[in-house]
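Colleague: I am new to this structure and would like to learn how to read its features one at a time. Could you show me the general idea behind each feature, and then the case at hand?

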Amino acid sequence: MARTQEIADGIYVIATDDYRLNTGLILGADKAMVIDTGAGPRQGAEIFRAARKITDLPFVVVNTHAHYDHFFGNAVFAADGTTDFWAHPNAERAMERYADRQRGYVETLEPEMAHHQGPNTDIIPPTRLLPGDGGRASFTRVDLGDRAVTLFYLGLGHTDNDVLAGVDEVLFTGDIVEQGADPAFDDSFPEVWVQTLATVAGLDRYHVFVPGHGTPVERTFVQRQSETMREAIDRIAASTSNPEAGPTTAAMYKLPYDAGVTRILLDRLAYLEEKGMMGEDLSVEDTPTGVTGPITTGEHA
Ligand SMILES: [Zn+2]
């Protein structure tokens, strides 16, 4: 059952049970923006119906990044006539290459999507792209009529294609911010993510931060997530540079994340180091072929 909450004037969060996903809904005079569409036609339709209870306006869709739970519901909106699907250029690339391989993740909750059978199971890639190649921060404004939403790309983080959407005092952060669970490091760039989170926390005009999953949070939560991540990375670095302490196990006991997440973070840092992609100054310009990770490529699907 979708739960819809108006968190500011004409700005809603539609929360659905699967993946504890948050969808944003922003009303303008002429159009309404929908931020993230769910993991397939079932969740997509649930989100669509909840949004249609609020407004009859034509929809503009934003996908915050190229993970299945955020864009597999696009076809439901395309069937309603939506033609504008916004995302980052790196998300377009990731969806082109890997979206079909991600279908295996939704076998249980969205069997039609998993098998590409039945209505609204096509992959709908972005039709509108943020400027830039991901090498640096970029933004664009999407006019909804008497109100515009700013779409930001602030740098590498949870993935190489995270888009945030800001309007009035509300910022929809996608999975850059994670509430109620540890951050998902599988496809991430942890050292740069720390910086990106600090940048998000420093965006003074926003006061409500809506994560991709969980409940809306305040600025201090975002700041704390950045600091916790910094601390985790530093502890891993310290333990791996000390040959006395069995590198990974020692770190795992002291880290702020649970064991499974810690393992993923360790693996990801090791992978990036092997690729020569460590450091805070890393940009996507260093990764022309796209160094994404196992969620995007469907490795665990
Ligand atoms: Zn994600």
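This is a predicted model: local features need pLDDT of at least 70, side-chain atom pairs count only at pLDDT 80 or more; totals for chains, interfaces and linings use all residues.

Colleague: How many bridges join strand β2 to strand β3, and in which sense do the two strands run?

Modeller: Strands of a sheet pair through backbone hydrogen bonds, either parallel or antiparallel. Two strands are said to pair if DSSP finds at least two bridges between them, and strands themselves are DSSP runs of E with at least two residues, while helices are runs of H or I with at least four, both numbered from the N terminus. Here strand β2 (residues 11–15) and strand β3 (residues 22–27) run antiparallel and are joined by five bridges. Residues are numbered from 1 along each chain as its sequence is written.

Colleague: Are the residues of β2 buried or exposed?

Modeller: A residue counts as buried if 20 or more other C-beta atoms lie within 10 Å of its own, as exposed if 12 or fewer do, and as partly exposed in between, with C-beta atoms placed from the backbone. Five of the five residues of β2 are buried, so this strand is largely enclosed by the rest of the structure. I11, V13 and A15 point one way from β2, Y12 and I14 point the other way, and all are buried.

Colleague: In what order do the strands of this sheet lie, and which strands stand at the edges?

Modeller: The sheet is open and has seven strands in the order β1-β2-β3-β4-β5-β6-β7, with mixed pairing. β1 (3–8) and β7 (128–129) are at the edges with a single partner strand each, so one side of each has no neighbour in the sheet. Helix α1 (residues 41–54) packs on the sheet and touches β1, β2, β3 and β4 (32–35), a contact being two C-beta atoms, placed from the backbone, within 7 Å. The direction of α1 makes about 150 degrees with that of β2, where axes are lines fitted to C-alpha atoms, for helices over the stretch in contact, and angles run from 0 to 180 degrees between N-to-C directions.

Colleague: What is the order of the strands in the sheet of five?

Modeller: That open sheet has the order β8-β9-β10-β11-β12, and its pairing is mixed. β8 (138–143) and β12 (208–211) stand at the edges with a single partner strand each, so one side of each is left without a neighbour in the sheet. The twist from one strand to the next averages 20 degrees. Within this sheet, strand β9 (residues 148–153) pairs with strand β10 (residues 164–167) in the antiparallel sense over three bridges, and L151 stands opposite A165 in β10.

Colleague: Which residues have the most contacts inside the largest nonpolar core?

Modeller: In soluble globular proteins, nonpolar side chains tend to be buried together. A nonpolar core is a set of buried Ala, Val, Leu, Ile, Met, Phe, Trp, Tyr and Cys residues joined through C-beta atoms within 7 Å. The largest has 78 residues, and those with the most contacts inside it are I26, M33, V34, L151, V163 and A165. The largest share of this core, six residues, comes from helix α6 (residues 190–201). V34 touches T23, L25, A51, F59, V61 and F77, leaving aside residues up to four places away in sequence.

Colleague: How many residues of α6 are buried, and against what do they pack?

Modeller: Of the 12 residues of α6, 10 are buried, so this helix is largely enclosed by the rest of the structure. W193 and L197 are among them, and the buried residues of α6 pack against β11 (170–174), α7 (219–240) and α9.
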